[in-house]
Amino acid sequence: MAPTAQRRPTEPPSPEQIPDLLALCEQALAAAEAYEAQARGSVLRLVAPRGAFDPATLDREQRAAHGLAWLATYVTALRETLLWAQRRSAAGGLGEIEALICQAAFGEYLAQIRGGIAMSQGEIVRPADLGVDSTGESFAHNLAVQSLTLRGATSAVLMRIAALIADGAFGESGIEDDSLLMIRDQFRRFAEKHRDAAHEWHKADAFIPMSVIEEIAGLGVFGLTVPEEYGGAGLGKLAMCIVTEELSRGYLGLGSLGTRSEIAAELIRLGGTEAQKRHWLPKIASGEILPTAVFTEPNTGSDLGSLRTRAARDGDVYRVTGNKTWITHAARADVMTLLARTDANEPGYKGLSMFLAEKPRGTDSDPFPVAGLRGSEIRVLGYRGMKEYELAFDGFAVKAENLLGGVEGQGFKQLMATFESARVQTAARAVGVAQNALELGLAYARGRVQFGKPIAEFPRVAGKLAWMAVETMVARQLTWFAARQKDSGKRCDIEAGMAKLLAARVAWANADNALQVHGGNGYAEEYAISRVLCDARILNIFEGAAEIQAQVIARGLLSGRN
């Protein structure tokens with residue numbers, strides 16, 4: 001459908017033009033999906049030159065493969081944004097702000113698909129990199145694509161969005177369940193109550209107080225997705241995302257307190273024996289015990305198949321020897337989900353086993369009060385409230401009965417089963433940080449007067465704030481899509497990877513732009529945006545760096561997963 005309105009293409013749509021806008025977006029999405037399919041075929045020919053998928057060739061062709069991953073992420077994000085707008089429209093709740101968010105998202109993402117998608121600050125993937133020059137031309141000349149790239153995210157549109165969000169209303173996110181709305185509001189109030197204190201914790205490089213952790217436990221955060229029969233709330237991943245986002249909106253550390261419990265509970269629920277489930281899950285759900293994830297080693301990073309930490313059977317215990325790094329909340333943890341090699345003769349993933357390794361909770365003066373385990377803190381720029389550690393195991397004893405599932409060699413398989421949930425949860429953390437950055441930037445821009453008016457009225461500042469609002473909503477809808485996929489029992493490794501990939505970038509971009517809005521003040525520790533910038537940067541790294549997410553997405557797409 002060609003544009004029908006008698007108006008300047010830079011003007012926002014009027015309410016009566018919204019149905020035409022949604023129809024236009026639907027047509028542009030169809031063109032983008034066709035373009036993605038052709039790009040997938042082109043890249044597949046690169047990585048499967050003899051007709052069979054070749055992982056080694058995929059590694060050599062990472063630029064094209066990861067570019068495809070980003071392209072597919074953009075297309076999926078646009079689809080979910082349009083579906084959100086259509087649901088709002090069908091329910092009679094698509095207002096001007098929601099329509100403009102959808103329009104601006106399509107305008108900007110379509111333009112980037114045509115001209116170049118930024119995989120990072122210095123890596124732009126263009127149609128030629130994907131081998132789709134002629135296809136790209138066809139896509140670029142599609143009338144719907146042309147119309148939306150021309151008028152989708154113009155200065156006038158962004159200025160209108162900025163005006164609409166000035167009072168702190170950023171559009172209806174689309175929660176349709178009253179109980180989820182109540183949950184959201186409850187955790188929003190909790191995060192607001194601790195927002196100022198969180199900045200002081202960060203500046204002092206101090207732990208989140210145990211009283212706050214106990215309060216969070218009382219609210220049921222640690223047992224949100226634990227089945228009711230094991231003492232949890234039995235809620236789904238969408239509820240987890242809503243809670244995580246609201247907590248992270250106040251402070252990333254608050255949103256991250258539940259991460260290790262989510263991982264541990266998922267490991268035990270999916271891979272544990274019935275006895276292990278009944279022993280551990282109620283204690284995790286109540287917050288009686290705090291878990292930590294102990295997977296990464298100094299020289300392995302995401303290459304878990306190269307882990308060297310050993311766990312050797314010695315009667316009724318395993319003796320663990322080796323080093324782990326980047327272990328969050330390790331001193332305060334009561335149990336470690338510990339990945340170690342139980343078969344030294346079995347290389348790669350097959351020799352790995354997962355343990356529920358108990359330890360006493362440490363104190364400030366004695367963080368690791370147990371034989372066979374030492375730890376040293378890793379000082380970090382942000383994400384400070386739980387602290388990071390490097391651990392050294394030297395004959396550390398783990399009860400043999402705490403081998404997860406009771407069978408050796410299942411550790412990697414058990415861990416892989418948790419990656420989808422962990423990445424969806426991390427995407428939700430990123431959306432919360434992005435929202436926090438947006439709100440901080442907006443509040444500062446409205447209160448900062450320069451040249452006789454608030455800086456929020458200057459187009460470059462207003463445009464930044466508006467785009468932050470747009471992309472935060474897009475990342476939220478993509479994250480919720482991945483959560484719904486998980487809740488429906490569908491495999492969602494690609495979708496979880498997409499959500500984490502995009503949301504982490506949005507969090508960093510929002511934090512960077514919000515700091516720019518603050519000017520020099522943003523660089524001062526006194527202002528919360530300085531903390532948010534430091535916190536946002538880690539989101540592109542942990543739970544699998546952006547490059548790992550792109551690799552996961554590309555492998556899934558090119559091996560035939562839809």
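## Basis of the description

Because the model is predicted, local features are given only where pLDDT is at least 70 and side-chain atom pairs only at pLDDT 80 or more, while totals for chains, interfaces and linings use all residues. Residues are numbered from 1 along each chain as its sequence is written, and side-chain values rest on heavy atoms, with hydrogens and water left out.

Helix α13 covers residues 411-447, where helices (H or I, at least four residues) and strands (E, at least two) are DSSP runs numbered from the N terminus. Its 37 residues should span 54 Å at 1.5 Å a residue, and the end C-alpha atoms are 53 Å apart, which agrees; the expected span is 1.5 Å times one less than the number of residues. A kink of about 35 degrees is centred on phenylalanine 419, the bend being the angle between axes fitted to the seven residues ending at a residue and the seven starting there. Of the 37 residues of α13, 30 are buried, so the helix is largely enclosed by the rest of the structure; buried means under 20% relative accessible area, exposed over 50%, and partly exposed in between (1.4 Å probe, protein chains only).

Helix α10 (residues 237-250) and α13 have axes that come within 7 Å and cross at roughly 35 degrees; axes are lines fitted to C-alpha atoms, for helices over the stretch in contact, with angles from 0 to 180 degrees between N-to-C directions. On the α10 side, the contact involves residues including Met240, Cys241, Thr244 and Ser248, and on the α13 side residues including Val424, Ala428, Val431 and Gln435; contact means heavy atoms within 4.5 Å.

## Helix α12

Helix α12 (residues 274-286) has 13 residues, which should span 18 Å at 1.5 Å a residue, and its end C-alpha atoms are 19 Å apart, which agrees. The helix bends by about 30 degrees at tryptophan 280, and proline 282 follows within four residues. Tryptophan 280 is also among the buried residues of α12, together with Gln276, Lys277, Leu281, Ile284 and Ala285, and these buried residues pack against α11 (252-271), β3 (291-294), β6 (335-341) and β7 (352-358). After α12 comes glycine 287, whose phi is positive, near 85 degrees.

## The β1-β2 hairpin

Strands β1 (residues 117-120) and β2 (residues 123-125) run antiparallel and are joined by three bridges; two strands pair if DSSP finds at least two bridges between them. The hairpin connecting β1 to β2 passes through two residues, and serine 120 has glutamate 123 of β2 as its bridge partner.

Isoleucine 455 is found in the loop between β11 (453-454) and α14 (459-487), and with 9% relative accessibility it counts as buried. Leaving aside neighbours within four places in sequence, isoleucine 455 is in contact with Tyr444, Ala445, Arg448, Gln450, Val461 and Val517.

Glutamine 477 lies in helix α14 and is buried, with a relative accessible area of 1%; not counting residues up to four places away in sequence, glutamine 477 touches Glu80, Trp84, Arg87 and Ser173. Alanine 507, in helix α15 (residues 493-518), is buried with a relative accessible area of 0%.
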